[in-house]
Each structure stands twice: as structure tokens, then as C-alpha cells.
Amino acid sequence: MEEGRVAMTEQRASYSGLVSFMRQPMAEGAADFSGCDVVVAGVPFDVATTNRPGARFGPRAIRDESLQLAWGPIWPWGFDPFERLKVVDAGDIAFDWGRPQEMAENLAAHTARVLAANAVPLTLGGDHYCTLPVLRAVHAHHGPVALVHFDAHRDVEEGAGQGRIDHGIVFSEALQEGLLREEACVQIGIRTTYPGEVGAGMTVIDAAACHAMSARQIAAKVREVVGNHPVYLTFDIDCLDPAFAPGTGTPVPGGLSTHQARAILWELAGLNFTGFDVMEVSPPYDPAGATALAGAMLAVDFCCLLAAGNETLQA
Ligand code: MN
Ligand code: MN
């Protein structure tokens, strides 16, 4: 081979080979995650959606799109988080599709094993109901947590505690179960109305406010609300405008751009993160793959947030 030429056998083409999140090692069926910093899991579940389904295909699509991001330092962080962190891909949560409640049990049990190993769960949905079992496990490990919640919807419908499996009720259930510190919860990008009283103590930075504020201003508000509490970050991809993320179950016009959302994340290094998720990517409505790619990019930014520790991004 010519001197100085890169051996392409050392770096797979993005369209080649088996698929895992960011080409990280698979740990499917593992029960012990000791030594891991981040454990990725997919949840192929979409029976809790109120509109068009398809998020069961989200985890596979996010992994697939992640491959074209998996080749070195991440802009603008300037480092490769997968050199700093041990990340494994635990595959998808298994459950009987005829017993949807089994998903919640199995996902909570998996997340508990991740937390017991002092690793951080990174969950790829699946519809937003999948966040509830994760929060149950996070609460069992950390107690009530703060919440950074990106979404077009507040997901605080009335009727919690009645056993309904509905992605619109996930944070009402979480509040009722005492999983969250209500006053330390912030919801970003909201552009739907909720007439009820549930979650009245949460801070809402609605879409109009997001468009009037800089990412730095939004992040400063998030830090003020969250404080030093352990915090869980959940990203419903429909927070993004349908122009950037058409592939989702309940799209609402007027949302954030992919850049706006990323730029907010870039300012959140140093928070006491207990877990992350990307939910509601629905590939059947995602003709160009942009939604799954955005989901993959955000998941990589989460890894960068952990890898950065208290380093501030010099963007
Ligand atoms: Mn949601
Ligand atoms: Mn939503």
C-alpha cells in the first residue's frame, strides 16, 4: 500500500457490516453491566400512541443512521465520546407483543440492572410511554429526579393511576407515583394546550419562548430549574419541527430546528445526569431518514455530555 494511505479495512464504510449503536459492542442478553459507562437499549413498542404508529421501528433506524456518524471526533465537542466512555448496545428489550404490560416490567428490570452497575441508561424508543418504566427504575435507584423534557406535548393528561398505557399520560403517571421533583422539571418546545392542573408546578418553555430565546438563555433557565438534583433527560423527537423530524406519530408544526435542540444540549454539561432517552422516531413516516438521523445525533450528544463532565464547550 502507498505510504500515508489510510487502510480502509480499519474503518468500515458506513453502509457496511452489522448494525449496533455507533458501532459499539453488542451486549444483548447481558445481565451484568459492570465496567460500562453507558448502556444503550432499544424499545420496539408503539401501542401507546394516540395517532399514527411506527415507533416500534425506531431503535433499528436510529442505530442504522448512527453508523454514518461513527467515524471520529464529534463536532463541535472536539472529541470522540466513545474513546472516553465504555458504551455497549444491549439490543432491544424483549417482551410478548400480546402482553404490552410486559414491556414495562422488562424495561424497568433491564434499567435497574444498568443502574446497579453505576452505568447510565440510554434508551431508544419506542413511543413516549417507554420513558415511564425507565423513570421507575431511576427513581428506585436515585429517588425523585429532576426532568429535562423536550416535546411538542406536555404528556400530562388527566387520569393517571388507572393502568392506562398511553403516551400522553406518561408524566402524569410519573408525578402521581412520586418519581419526579415537580418543581425541578422543565418542559421545552411545548406547542399544545393542557387544560388540566396536572404538572402545574413544572416550568414550561413553550415553542414561542424557544424561538424568542437563544440556546444559551434556554440552557441557563434549565440549569436554574434543575439545580444540583439528579436529572433525567427525555427527548420526544416531535419537539423538533416536522420539517426536521417528519417521522413521528404526533407531529405539530412550529417546533425547534435540529440545531436549536443540539445547541441547548451543548450548554448542559456538568448536570447530574441519571439517564437519557430519544422517543417517538417513527421510520414509516420518515422518507429521507432525517428523523432517525436527528435521533442518533441527539443520542451522541448525550454521550458527549457525559464524556465532557464539567468541561464547558468552547463553541
Ligand atoms: Mn411525548
Ligand atoms: Mn410529543
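**A pair of manganese ions and the elements around it**

Asp151 and Asp236 are both buried (buried means under 20% relative accessible area, exposed over 50%, and partly exposed in between, with a 1.4 Å probe and protein chains only). The model is predicted, so local features need pLDDT of at least 70 and side-chain atom pairs count only at pLDDT 80 or more, while totals for chains, interfaces and linings use all residues. Residues are numbered from 1 along each chain as its sequence is written, chains are lettered from A and ligands numbered from 1 in the order in which they are written, and side-chain values use heavy atoms, with hydrogens and water left out.

Which residues hold the manganese ion (ligand 1)? Its protein donors are His128 (ND1), Asp151 (OD), Asp155 (OD) and Asp236 (OD), at 2.1 to 2.2 Å. Donors are N, O and S atoms within 2.8 Å of the metal (3.2 Å for Na, K and Ca); water is not among the atoms, so sites may look incomplete. Along the chain, the donors of ligand 1 follow the spacing H-x22-D-x3-D-x80-D. Asp151 lies in the loop between strand E4 (145-150) and helix H5 (170-176), and Asp236 lies in strand E7 (residues 231-236), so this pair ties together parts that are 85 residues apart in sequence. Helices (H or I, at least four residues) and strands (E, at least two) are DSSP runs, numbered from the N terminus.

The manganese ion (ligand 2) is coordinated at 2.1 to 2.4 Å. Asp151 bridges the manganese ion (ligand 1) and the manganese ion (ligand 2), which lie 3.3 Å apart. Like Asp151, His153 is buried.

In E4, 6 of the 6 residues are buried, so the strand is largely enclosed by the rest of the structure. E4 pairs with strand E5 (residues 180-190) in the parallel sense, over 5 bridges. Two strands pair if DSSP finds at least two bridges between them. Val148 stands opposite Val186 in E5.

Helix H4 (residues 131-142) contains Ala140. Ala140 counts as exposed because its relative accessibility is 69%. Ala140 and Asp151 are 11 residues apart along the chain, and their C-alpha atoms are separated by 25 Å.

Helix H3 (residues 100-116) has 17 residues. From first C-alpha to last it reaches 25 Å, close to the expected 24 Å (1.5 Å times one less than the number of residues). Its buried residues are Met103, Ala104, Leu107, Ala108, His110, Thr111, Val114 and Leu115. They lie on the same side of H3, because they cover an arc of only 165° around the axis (the arc is that of the directions from the helix axis to the C-beta atoms). On the other side of H3, Glu105 and Ala116 are exposed. The buried residues of H3 pack against H4 and several strands, including E1 (38-42), E2 (87-92) and E3 (120-124). Just after H3, Asn118 takes a positive phi of about 60°.

Asp46 sits in the loop between E1 and helix H1 (58-66). Asp46 is buried, with a relative accessible area of 5%. Its side chain reaches the backbone nitrogen of Gly54 at 2.8 Å. Not counting residues up to four places away in sequence, Asp46 touches Pro53, Gly54, Ala55, Arg56 and Asp127 (contact means heavy atoms within 4.5 Å).

Conventions:
Polar contact = N/O pair within 3.5 Å; in protein donor to acceptor, adjacent residues only side chain to side chain.
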